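Hello,

Here is the structure I promised to hand over. My notes on it follow below.

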Amino acid sequence: MEIKGKRFYLVGIKGTGLSAFAELLLNAGAYVAGSDVPEKFYTDQVLCSLGIKYNETFSAGNITDDIDCVVYSSAYDPAKNSELAEAVRRHIPIIQYTDALGEFSASFDSSGIAGVHGKTTTTALAGTVLKALDAPAAVLAGSAVSNFGNRSTMVNGSRFFVAETCEYKRHFMSFHPKRIIITSIEPDHLDFYPTYQDIFNAFLDYAMLLPAGGTLIYCADDAGCLELREKVAALRSDIKLLPYGKNADGRFRLTGSEVKNGRNCFSVSGFDREFAIRIPGEHIALDAVAALALAVSVTEDWKGTELSAADLDKIASGFESFRGSRRRSEIVGEAGGILFMDDYGHHPTAIRLTLEGIRKFYPDRRIVVDFMSHTYSRTAGLLDDFASSFDSADVVILNDIYSSAREKKEDSWKDLDERFFEKVRKNYPGAMYFHRPMDGFDALREFLRPGDVFITMGAGDNWTVGRKLFEYFEAEK
């Protein structure tokens with residue numbers, strides 16, 4: 001993809017991915033503009049700080065002949081969006097964001113980070129560590145990262161590129177990786193991958209994109225990743241296979257993880273030191289080890305030597321400085337003696353691991369979780385797993401399932417909201433149910449008490465009730 005001096009127009013520019021891509025294009029010497037809806041997002045501030053101008057309406061008049069390429073979010077249909085239709089009429093190339101990101105990656109020594117869960121945190125950690133090492137790298141994560149200045153990108157050079165890559169609809173197949181991290185493979189996105197074999201095959205095909213001498217970094221604690229390793233080993237003897245985790249052989253084996261002094265402390269077999277991170281959960285320690293493996297691979301390629309003691313000090317400092325990313329065990333604040341948190345976890349494994357980590361960090365607090373499941377297809381396909389994933393919580397609250405425009409309700413999903421709640425209530429008798437998140441505001445205002453941890457979880461919009469409750473208790477001071 002030719003970038004320097006070219007004019008790009010981004011349709012859906014306020015989206016997390018496209019706003020981050022806009023910054024990467026800008027740093028590569030392109031002229032960038034775009035459009036989106038009038039609604040305000042955190043990305044408005046990011047785009048304004050970069051000096052990127054954008055329209056808050058879609059109009060054919062926004063498309064002019066001096067535009068070299070139009071990049072668009074998958075949320076918009078070229079046949080229905082007036083700007084995309086005008087670009088086609090003017091014979092201006094249009095390209096979907098994931099394909100554009102793939103072409104962008106081909107210009108660098110690129111690393112892709114994927115997995116059913118853990119990819120955003122792993123990417124954010126990798127970027128934080130590479131920044132601490134002053135590596136000549138650019139990083140794109142799937143959420144705003146505090147260590148990136150609350151942006152989704154970190155730009156510190158142009159030799160290496162690290163990006164979170166998405167398995168949905170095989171979007172990651174456009175990427176050009178020299179290294180890949182796979183954190184987990186489980187059934188998910190059941191609207192597109194009806195069976196486990198379908199999603200496994202997608203990850204296998206992704207791994208096969210690696211060139212000769214490329215590196216597959218995989219979690220040795222995940223059954224799907226172990227199966228992937230066996231398949232790749234049988235098919236490609238020219239790919240380096242690098243395991244990490246408690247069951248890994250070699251230098252990236254997680255040998256210990258415990259909570260000490262409010263920190264998630266862990267050790268790794270190949271490194272004579274203890275690392276610490278401020279985010280709870282052994283799964284976060286695993287993500288950190290994956291980021292460590294990637295950082296070591298990138299840095300040794302960059303410097304041509306093994307890491308020095310000074311490099312390891314910088315890595316440890318990077319982990320210690322990590323403050324998480326938006327909606328990943330995010331601390332909203334503490335008010336009225338109640339700690340308010342928010343998390344994007346929308347898969348049973350992610351829910352279970354996140355709550356286990358919070359329980360270890362706050363063993364004496366009552367944990368109240370408000371969960372909104374995302375998509376009917378995922379909820380129906382993993383119903384029993386969802387219904388038993390809240391063991392580390394004291395109180396479970398459910399909201400109606402957050403539907404997706406990409407799926408049409410099936411007859412078998414009728415009354416799924418209520419059936420889901422009944423299954424949860426059998427496992428957790430004190431469970432509560434409010435159709436819409438804000439329906440529970442008054443009841444929760446009376447129910448919550450000092451010492452509680454209140455966490456909203458899911459990929460829906462129930463985070464709103466957590467924010468409103470925090471604001472209410474904050475105002476009561």
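T215 is buried, with a relative accessible area of 8%. Buried means under 20% relative accessible area, exposed over 50%, and partly exposed in between (1.4 Å probe, protein chains only). Before going on, the ground rules. This is a predicted model, so local features need pLDDT of at least 70 and side-chain atom pairs count only at pLDDT 80 or more, while totals for chains, interfaces and linings use all residues. Residues are numbered from 1 along each chain as its sequence is written, and side-chain values use heavy atoms, with hydrogens and water left out.

**T215 and its strand**

T215 sits in strand β11. Helices (H or I, at least four residues) and strands (E, at least two) are DSSP runs, numbered from the N terminus. β11 covers residues 215–219, and five of its five residues are buried. T215, I217 and C219 point one way from the strand; L216 and Y218 point the other way. In a regular strand the side chains alternate between the two faces of the sheet.

Which residues does T215 touch? Not counting residues up to four places away in sequence, they are K178, R179, I180, L210, K240 and L242. Contact means heavy atoms within 4.5 Å.

Strand β10 (residues 179–182) runs parallel to β11, and four bridges join them. I181 has I217 as its bridge partner in β11. Two strands pair if DSSP finds at least two bridges between them.

**D301**

D301 is found in helix α8. D301 is partly exposed, with a relative accessible area of 34%. Its contacts, leaving aside neighbours within four places in sequence, are D109, R159, F160, K178 and R179. D301 and D109 are 192 residues apart in sequence, yet their C-alpha atoms are 10.0 Å apart in space.

Three strands form an open, antiparallel sheet in the order β13-β14-β15. β13 (254–260) and β15 (274–277) stand at the edges with a single partner strand each, so one side of each is left without a neighbour in the sheet. The twist averages 25° from one strand to the next. Six bridges join β13 to β14 (residues 263–268). L254 has V268 as its bridge partner in β14. Helix α8 (residues 282–303) packs on this sheet and touches β13, β14 and β15; its direction makes about 50° with that of β14. Axes are lines fitted to C-alpha atoms, for helices over the stretch in contact, and angles run from 0 to 180 degrees between N-to-C directions.

**Two helix pairs**

Take α1 (residues 16–27) and α4 (residues 97–105). Their axes come within 11 Å and cross at roughly 30°. That makes α1 roughly parallel to α4. Angles under 35 degrees count as roughly parallel, over 145 as roughly antiparallel, 65 to 115 as roughly perpendicular and the rest as oblique. G17, L18, F21 and L24 of α1 meet Y97, A100, L101 and F104 of α4. By class, this contact has seven nonpolar, one polar and no charged residues. Ala, Val, Leu, Ile, Met, Phe, Trp, Tyr, Cys and Pro count as nonpolar, Asp, Glu, Lys and Arg as charged, and the others, Gly among them, as polar.

The axes of α5 (residues 119–132) and α9 (residues 309–321) come within 8 Å and cross at roughly 135°. α5 and α9 are therefore oblique to each other. L125, T128, V129 and A132 in α5 meet K314, I315, G318, F319 and S321 in α9. By class, the contact of α5 with α9 has five nonpolar, three polar and one charged residues.

Best regards
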